[in-house]
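Please read it with the structure open.

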Amino acid sequence: MNKPLIVPCPNCKTAVEWGEQSPFRPFCSKRCQLIDLGEWADEEKRIPGDPAWLPSQDDENEY
Ligand SMILES: [Zn+2]
């Protein structure tokens, strides 16, 4: 009885396996987690018209 549980990422609906290999579950990635929390969305809204999104310093190791 060790069937993996698959959940859809709340942000992008990607299938995410619920386990140690998915540290950001139920999100597929740290980016989706941050988007859902509104952290980076808030940041983007503060810079209307900015053409390029620059990853925050916290994120740079993820890319
Ligand atoms: Zn996602």
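1. The donor residues of the zinc ion follow the spacing C-x2-C-x15-C-x3-C in sequence, and the ligands are Cys 9 (SG), Cys 12 (SG), Cys 28 (SG) and Cys 32 (SG), at 2.3 Å. Donors here are N, O and S atoms within 2.8 Å of the metal (3.2 Å for Na, K and Ca), and water is not among the atoms, so sites may look incomplete.

2. This is a predicted model, in which local features need pLDDT of at least 70 and side-chain atom pairs count only at pLDDT 80 or more, while totals for chains, interfaces and linings use all residues. Residues are numbered from 1 along each chain as its sequence is written, and side-chain values use heavy atoms, with hydrogens and water left out.

3. The arrangement around the zinc ion is tetrahedral because its four donor atoms subtend angles of 103 to 119°, where four donors count as tetrahedral if all angles lie between 85 and 135 degrees.

4. Across the chain, 17% of the 63 residues count as buried.

5. The charged end of Arg 25 sits over the ring of Trp 18, 5.6 Å from its centre, the criterion being NZ of Lys or CZ of Arg within 6 Å of the ring centre and within 35 degrees of the ring normal.

Terms used: Four donors count as tetrahedral if all angles lie between 85 and 135 degrees; four count as square planar and six as octahedral if opposite donors are over 155 degrees apart and all others between 65 and 115; anything else is irregular. Buried means under 20% relative accessible area, exposed over 50%, partly exposed in between (1.4 Å probe, protein chains only).
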